[in-house]
Amino acid sequence: MQILKLIFKNAFRHRLRTFLTIAGISIAILAFGLLRTVVDAWYAGVEASAANRLVSRNAISLIFPLPFSYKEKIRQIEGVSIVSYGNWFGGIYIDEKNFFPNFAVEPKSYLELYPEYVFQPDQLAALLRDRKGFAAGRKLAEKYNWKPGDAVILKGTIFPGEWEFVLRGIYKGRTKSVDETQFFFHWNYLNETVKKTNPGRADQVGFYMIGVKNPNIASNVTAAIDKTFKNSLAETLTETEKAFQMSFISMSEAIVIAIQLVSFVVVIIIMAVMANTMAMSSRERIGEYAVFKTLGFGGMYIAVLIFGESLFISATGCIIGAILTFPAAKAFGNEMSQFFPIFIVSGNTIYLDAAASVVIGITAAIIPTYRAVTIRIADGLRRIG
Amino acid sequence: MNGKRPIVELRNICKSYQRGSQNIPVLNDITLDIKGGEFLALMGPSGSGKSTLLNLIAGIDKADSGVINVAGIDIAALSETELAGWRAANVGFIFQFYNLIPVLTAFENVELPLLLSGLSKKEKKEHVETALGVVNLSDRLEHYPGELSGGQQQRVAIARAIVTDPAIIVADEPTGDLDRVSAEEILELMERLVHELGKTIIMVTHDPRAAQKAHIIRHLDKGVLNADPQANI
């Protein structure tokens, strides 16, 4: 009882110093949490991948297409349940700064593969019915204030021209980790238009999305697909959706590592600040610790006092920082939604925050405790007065 | 007083400090007996070794050689942990600058030594209130040291020193930071502890007026105790 009271009272003896230290830790934990969330956002696509989905693309590069005729051959491979397909459209909405991912897909099979995209039944029916119809994620529709029935024009870059679409469905993610910023429309609309304007590019798809009956046979199916098209004019490279997403991450791995390093540097800096606070507090109270020892209290009691104070300050800073991370991440995520469609503070980040605060608290207390415990009582008492 | 038997027996105590490569002798072959219920004043110039001698008797420092026997226990043979337990049970401390914990109330400061005693909460409360009653501060239980005068703070420190009912009380310049009136009150209180509660007090002081309150005055000079005790009774 008394020791907890003493720890609490000691922590607030120099209120300004304690508040500044807590503020520093809060800001550091906030920065740490945001940086960790940026890293998580980087991997959001990977995390959202399903084990029963494969992606097949041209083995040379993603920018080269595959023949539409592969669809039936893939469907016949043992273990394949669904085959969908699509193209990266790369259209611009009004201005280049309004970036969002947009694809031409075969919506029926695509949505069977992605049950996490949840539509209202009437909107889904309208989308499947209308060849010029498109679907948008909830966040994207809210951002541009689109309502079902609204006409939207995208300027084609890969497929030149002005492309007119009508919003037929707005999907919501089944979980928070589902990207709600996507735009997809009928592949047939793209293909039929290209047939008229540039027939040489018709009947080609950028990728096949393949559903497998059982995730355990994914590697067999992958090998079978690639074997089927070996030595053809367009060989395939098939991999799990997760591996496909990871291939994008690996291109920017250096940035991710840099962000992770910075997040840890932030913690190390605040550890030094906290250690300084504890060193000052402990030095000022060395006489008191000598009094405690004089009265018969052992080194363990002194250690609990110093470690307790240090952990109390770091935990308080951590709690405030962790709480602030949520609104900050929301604001940051809204502002940067075109780059980070999924920007959610994960439970893992909060655990890391807590671990960081414990490490900060313990590390900062080690040297002051050693000094307070090992100082001779007579020397400690001499510091008073 | 509880008889003529010495409660503190020092035999051939030597103590020196190492300062760099230099060995500085502080106490040289000190032999001293202090009887139970005695009030002894140790006097001497600065650096004569008074506080060091007090620290040795109180078990907060160790002698280089010699025997320190307190209430039948050779404290030089005790480990640091045993010594801490021994101090908690047998010695009360009064310091020049009171050394109260500023964030604790008078009650909590006095209660501190009892945290090691294993007494129940109720028993602790009774002990603390009794100790503060002895020093006439029953109405200041919830006051913080910063809200008390120097004399009152020293009385809280005395209550803390007696709350565990130790046999010996060591006081290092207990009136050194007080005005004359407060110093007089503290000395009268210490006399009461000897006469009414039978405590043995060993007090280091520079102040001849304070020393006059003691039964016996011993002088230390350059680490050597004077040959003849100066008795005040």
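**View 1. The buried residues of helix H12 of chain A.** In H12(A), the residues A:Gly287, A:Glu288, A:Tyr289, A:Ala290, A:Val291, A:Phe292, A:Lys293 and A:Thr294 are buried. The model shown in this and the following views is a predicted one. Helix H12 of chain A runs over residues 286-294, and with eight of its nine residues buried it is mostly covered. Within chain A, the buried residues of H12(A) pack against H13, helix H14 (347-374) and helix H15 (377-382), while from chain B they meet helix H2 (80-90) and strand E6 (91-94). Just after H12(A) comes A:Gly296, whose phi is positive, at about 110°.

**View 2. The contact between chain A and chain B.** Chain A brings 18 residues to this contact, and chain B brings 19 residues. On the side of chain A that touches chain B, the elements that give two or more residues are helix H1 (2-11), H12 and H15 of chain A. Of these, H12(A) gives the most, with five residues. Sorted by class, the side of chain A that touches chain B consists of seven nonpolar, seven polar and four charged residues.

**View 3. The packing of helices H11 and H13 of chain A.** Two packed helices are described by the angle between their axes and by the distance between those axes. Helix H11 (residues 253-284) and helix H13 (residues 299-335), both of chain A, pack at an angle of about 140°, and their axes are 11 Å apart. Angles over 145 degrees would count as roughly antiparallel, and H11(A) and H13(A) are therefore oblique to each other. The crossing in which H11(A) passes H13(A) is right-handed. To the contact H11(A) brings A:Met274, A:Met278, A:Ser281 and A:Ser282, whereas H13(A) brings A:Ile306, A:Glu309, A:Ser310, A:Ile313 and A:Ser314. Taken by class, the residues of this contact of H11(A) with H13(A) are four nonpolar, four polar and one charged.

**View 4. Chain B as a whole.** Chain B contains seven helices and eleven strands. Its C-alpha atoms fill a box of roughly 50 × 40 × 40 Å, taken along the principal axes. The radius of gyration of chain B is 17 Å, which agrees with a compact globule, because a globule of 233 residues would have a value near 17 Å. Of the 233 residues of chain B, 47% count as buried. Among the contacts in chain B with a separation of 6 or more, 69% are between residues 24 or more positions apart.

Note on methods: Residues numbered from 1 in each chain as written. Chains lettered and ligands numbered in written order. Predicted model: local features only at pLDDT ≥ 70, side-chain atom pairs only at ≥ 80, totals over all residues. Helix = DSSP H or I, 4+ residues; strand = E, 2+ residues; numbered from the N terminus. Rg over C-alpha atoms; globule rule 2.2 N^0.38 Å. Buried ≥ 20, exposed ≤ 12 C-beta atoms within 10 Å, placed from the backbone. Contact = placed C-beta atoms within 7 Å. Axes fitted to C-alpha atoms, helices over the stretch in contact; angles between N-to-C directions. Parallel < 35°, antiparallel > 145°, perpendicular 65-115°, else oblique. Left-handed = near helix turned anticlockwise from the far one by under 90°. Nonpolar A, V, L, I, M, F, W, Y, C, P; charged D, E, K, R; others polar.
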